[in-house]
Amino acid sequence: MIDAEVGTGTARLVAERALARETLTPLELETLRRRMDNARARGLQPHFIANFFFLTAFRAVGGRIARREPDRYEISNVPAALRVRRPGASIVPVTTRYSRVTFEPAAIQPEALTRAELLCAGGIR
């Protein structure tokens, strides 16, 4: 038989042995989860990859890239440091220049334009 006193002191015991004293309310936890999900999703969007990862970093290492058509670019110089093949790298070789590249799958080959290489997470496609 379990009496009403069985739970007495459990709150004090948990408080004494807790690894952390701070807690999030359910609303704060849900807000944090939503923000993390949004950040994860944004990081995979083509315009986010283009603007915040590739373009800035590429120019920082000496690459030359210029916008040509909407969502399409020309790379006139790929620095030698980026052309070096590393073990386990993509089978597709990296050339010194690309007439057209894009970060948007829909912009690979629009009507009347030459095909563009797709730059995406994981390499060139």
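Trainee: How many aromatic pairs does the count come to in this predicted model?
Mentor: The model is predicted. Ring centres must lie within 6.5 Å to pair. By this rule the count comes to 1 aromatic pair.

Trainee: Is that pair stacked or edge-to-face?
Mentor: The rings belong to Tyr-73 and Phe-103, with centres 5.7 Å apart. Planes over 60 degrees apart count as edge-to-face. The planes here stand at 75°, so the pair is edge-to-face.

Trainee: How many residues apart in sequence are the parts that the pair ties together?
Mentor: Tyr-73 lies in strand β2, residues 72-77. Phe-103 sits in the loop between β3 (98-102) and β4 (117-120). The pair therefore ties together parts whose separation in sequence is 30 residues.

Trainee: Which elements give two or more residues to the largest nonpolar core?
Mentor: The largest nonpolar core has 10 residues, including Tyr-73, Phe-103, Leu-55 and Val-101. Tyr-73 and Phe-103 are both buried. Tyr-73 is also in contact with Leu-55, Ile-65 and Val-101, among others. The elements giving two or more residues to this core are α3 (46-60), β2 and β3.

Trainee: Does Leu-29 count as buried or partly exposed?
Mentor: Leu-29 lies in helix α2, residues 26-43. Together with Leu-24, Leu-32 and Met-36, Leu-29 makes a nonpolar surface patch of about 340 Å². Buried would need under 20% relative accessible area. Leu-29 has 32% relative accessibility, so Leu-29 counts as partly exposed.

How values were computed
Residues numbered from 1 in each chain as written. Predicted model: local features only at pLDDT ≥ 70, side-chain atom pairs only at ≥ 80, totals over all residues. Heavy atoms only, no water. Phe/Tyr/Trp six-rings, centres within 6.5 Å; stacked < 30°, edge-to-face > 60°. Helix = DSSP H or I, 4+ residues; strand = E, 2+ residues; numbered from the N terminus. Buried < 20%, exposed > 50% of the residue type's maximum accessible area, 1.4 Å probe, protein only. Patch = residues over 30% accessible without salt bridge, like charges linked within 9 Å, V, L, I, M, F, W, Y side chains within 5 Å. Areas by Shrake-Rupley, 256 points an atom, 1.4 Å probe, with all protein chains shown as cover. Salt bridge = Lys/Arg side-chain N within 4 Å of Asp/Glu carboxyl O. Core = buried A, V, L, I, M, F, W, Y, C linked by side-chain atoms within 4.5 Å. Contact = heavy atoms within 4.5 Å. Lists of a residue's contacts leave out its neighbours within four places in sequence.
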